[in-house]
Amino acid sequence: MCGLAGLARTDGRMLPADTDDLLRRMAHAVAHRGPDEQETLNSGPVGLAFTRLSLVDPAAGGQPLHSPDGNVVLIANGEVYNHRELAAGLPSGVRMRTGSDCEVLVHLYQQKGLRFLDDVRGMFAVVLWDKARNRILFARDRFGVKPLFYHQNRERLVFGSEMKALFQDPACPREVDWSGALADQALGGAPDLVDGPPNTWFRGIELVPAGTILSFDLADGSSASHRYWSFPDIGAFRDDLSADEFIGRYRELLSESVRECETSDVELGLFLSGGVDSAAVAALSTIRPRTFTALNGSTLVNGDSEHGHRAALLLGLDNHQVVFDTRRVPSAEEWKDLLWLLESPQCSPEVFYKRELYRYVKSEFPEIKGMLLGGGSDEFNGGYSVTAAEGGDWGGFLSNLDEMALRDHRHRMRGTAAWWEQSAAHPLVRADVLRDGARADDSYQRFWRWKYRDIQQYNCWHEDRTAAGSGIEARVPFLDHRLVELAASVPPELRPRLIWDKRILRDGLADVLPREYADRPKVPFFYGDGVHHTYRAFAAMLAANGDALLEEALSGARAKEYIDADNARATLRALQDDPTSGHVEFLLRVVNLGLLDQMAQQPPAAPVDARPAAVPTALAVTDWDAERRAIEAHVLNRAERHGALVPTLHDSVLLLAEPGEPDVRYVLVNGEIQYVVDGSETPAWLRMLDAIDGERGIDELLAAVGCPLSEVEEPLFESAELGVITLAEPAARA
């Protein structure tokens with residue numbers, strides 16, 4: 001991983017005298033991406049800045065790279081995994097002068113022109129200056145794993161791996177696109193099958209499209225686009241393969257991709273969640289990497305942390321459980337530093353935890369410069385099929401996709417819209433008419449294209465930035481175009497067998513992972529039963545110091561135009577009272593927009609100069625079963641549990657029973673119903689709740705209601721964590 005930046009005159013003139021200073025500032029803005037080396041080049045109409053993270057040929061692989069005749073100059077961020085294979089295919093007489101994986105791109109360009117990326121496998125962003133043709137080229141890998149932004153005006157181009165490098169140029173616009181951001185499905189979260197390029201969130205800032213080469217004439221600024229790879233057409237079926245052959249081929253390609261992603265002259269690590277995707281990478285790895293797992297309230301409850309530990313133990317890998325206890329509330333400054341690193345309103349709790357994992361690795365294992373990930377599997381292997389089916393089967397999944405596609409068409413309909421509105425449950429007009437001529441099977445293709453956009457807009461974006469903030473490169477074996485093309489080619493009759501719940505992957509792991517791991521259901525990174533722990537922490541962050549962070553976000557002139565400040569405050573109050581009352585991410589997204597708007601006007605210090613914060617620690621776990629209580633106490637900040645503790649309803653809590661509902665209790669917090677206890681499902685907990693009097697300890701209450709602790713333990717201590725009840729020592733109560 002490296003940092004790219006620069007500018008180029010596109011009016012036939014040379015760069016001005018002060019360009020060197022601007023290039024140095026641009027390089028510093030992305031210095032976190034490449035802490036090992038920094039170079040600038042200022043020549044005629046082009047200025048380049050490069051910061052290097054050296055994973056391949058650390059001694060001699062510096063950039064810019066030059067062709068032997070000096071006519072081609074290249075800087076690149078990322079890795080060319082098959083560079084040795086490509087170098088072997090070059091014409092005789094071509095000699096590689098370095099061990100850099102990117103040098104082969106220079107020679108391929110001289111040999112093939114705009115076809116030079118056709119056979120390249122890897123993740124990369126490339127800036128190439130062709131002096132002979134007086135043009136500059138920008139290019140990115142097929143999935144946009146590596147970023148490259150640019151702004152063009154009448155005189156010049158300014159470009160960089162991150163927008164903060166562009167903002168060093170006073171002529172570059174710095175305005176958040178509020179209306180475009182708020183209308184974007186990625187921010188609003190509506191289940192619409194959207195397509196199209198990712199959003200940069202800023203007016204006038206463009207993102208080089210994935211799988212594309214952009215060419216700019218330095219004489220007149222004219223541009224041309226060459227797409228060297230297109231997302232596969234789902235209709236291009238491979239009828240010649242059986243289900244078992246598809247599974248075998250997928251396994252073979254994934255194994256090869258993992259090996260290629262392990263190409264490095266320095267140590268690599270692996271983020272291991274315990275899900276099938278990262279477990280598959282761990283099982284197929286040939287380098288036995290150290291593994292790292294997030295251990296917080298959410299991953300503790302949803303089982304991710306435990307399964308990460310068990311998977312590492314099974315595979316004989318070193319595992320570090322990186323702890324975020326429930327008392328950990330990010331400061332406002334920490335959040336703003338992270339937001340400026342990310343440059344996206346999609347900055348979220350998930351992003352925070354990923355960033356903290358990287359910070360731990362950087363602090364404790366500075367020799368690790370690359371991280372293997374399991375991302376990119378769900379989007380193209382059917383990872384969302386079970387969820388989208390809403391309890392149904394493959395047919396239910398497809399039916400719901402059709403409904404999502406129809407919703408999109410409704411937005412564009414005119415005269416037929418009323419038929420949808422009036423009879424949505426039982427449409428009176430044929431679906432093909434409501435689709436306005438679109439084919440019914442388009443919904444499956446559109447789902448894939450939506451996920452192609454989604455993975456660029458969010459997954460690749462935040463994985464790249466959170467890793468880059470610690471000078472680490474994120475590597476994603478599942479984003480190999482051969483894997484995606486294979487999954488896309490599964491014919492309709494085999495999709496229920498192979499794409500439903502990622503069977504094409506799960507069944508291919510039979511000889512390397514026990515079924516317990518290969519078949520483990522999908523669990524999101526921090527969502528699930530324990531999400532309230534995360535929501536409580538981030539609501540506390542927004543509310544700290546008199547809602548300081550929220551009020552800062554609301555204070556900007558543009559924010560006042562778009563955000564309902566009173567409702568934002570009311571949302572925060574509701575989340576504080578009950579972390580399960582809504583999604584804290586939606587509030588964070590508008591807060592992020594407000595903060596980014598102000599940051600862009602006066603750019604903060606570069607991430608490399610960010611204020612230091614406490615680095616997470618790891619909890620050594622040997623036997624999860626034996627140490628479970630200690631792990632929970634450490635992460636959830638639970639006091640030592642014993643039977644003498646006295647439960648008391650919090651002063652803000654009132655317990656109500658309705659006549660005619662003897663087995664139901666309504667739990668009111670500050671006068672509003674927040675929880676409902678159904679005694680038909682949890683009879684022991686209902687009796688325990690009724691018996692709490694603020695005088696008797698747990699053991700006394702258990703004896704009074706006639707049940708063991710095991711029957712009420714989970715709701716009892718969860719209620720304490722939510723603040724519904726307090727647990728006090730008898731002496732303190734007296």
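**A helix and its surroundings**

Reply: Helix 8 (residues 276–284) has 9 of its 9 residues buried, so the rest of the structure largely encloses it. Buried stands for under 20% relative accessible area, exposed for over 50%, and partly exposed for what falls in between (1.4 Å probe, protein chains only). The model is predicted, so local features need pLDDT of at least 70 and side-chain atom pairs count only at pLDDT 80 or more, while totals for chains, interfaces and linings use all residues. Residues are numbered from 1 along each chain as its sequence is written, and side-chain values use heavy atoms, without hydrogens and water. The buried residues of helix 8 are Val276, Asp277, Ser278, Ala279, Ala280, Val281, Ala282, Ala283 and Leu284. Helices (H or I, at least four residues) and strands (E, at least two) are DSSP runs counted from the N terminus.

Helix 7 (residues 243–261) and helix 19 (residues 481–488) have axes that come within 9 Å and cross at roughly 165°. Helix 7 is therefore roughly antiparallel to helix 19. The axes of helix 28 (residues 683–691) and helix 29 (residues 698–705) come within 10 Å, with a crossing of roughly 120°. That makes helix 28 oblique to helix 29. The cut-offs are under 35 degrees for roughly parallel, over 145 for roughly antiparallel, 65 to 115 for roughly perpendicular, and oblique for the rest.

An open sheet of 6 strands with mixed pairing has the order 17-16-13-14-15-18. At its edges are strand 17 (473–475) and strand 18 (617–619), each with a single partner strand, so one side of each has no neighbour in the sheet. From one strand to the next, the twist averages 35°. Strand 15 (residues 319–324) runs antiparallel to strand 18 and is joined to strand 18 by 3 bridges; pairing requires at least two bridges found by DSSP. Gln321 is opposite Leu619 of strand 18.

Strand 21 (residues 664–669) and strand 22 (residues 672–678) are also antiparallel, joined by 6 bridges. Arg665 faces Val677 of strand 22 across this pairing.

Aromatic contacts complete the picture. Searching the whole structure gives 33 aromatic pairs (ring centres within 6.5 Å for Phe, Tyr and the six-membered ring of Trp; planes under 30 degrees apart are stacked, over 60 edge-to-face, the rest tilted). Tyr150 and Phe216 have ring centres 5.6 Å apart and planes at 65°, so they are edge-to-face. Tyr150 belongs to strand 8 (residues 149–152) and Phe216 to strand 11 (residues 212–217), so this pair ties together parts 66 residues apart in sequence. Both Tyr150 and Phe216 are buried.

Trp335 and Phe538 make an edge-to-face pair, 5.7 Å centre to centre with 70° between the planes. This pair links distant parts of the chain, 203 residues apart: Trp335 is in helix 11 (residues 332–342) and Phe538 in helix 23 (residues 531–554). Trp335 and Phe538 are both buried.

One aromatic cluster is formed by Phe143, Trp229, Phe231, Phe380, Trp394, Phe397, Tyr444, Phe447, Trp448, Trp450, Tyr452 and Trp500.

Note on methods: Axes fitted to C-alpha atoms, helices over the stretch in contact; angles between N-to-C directions.
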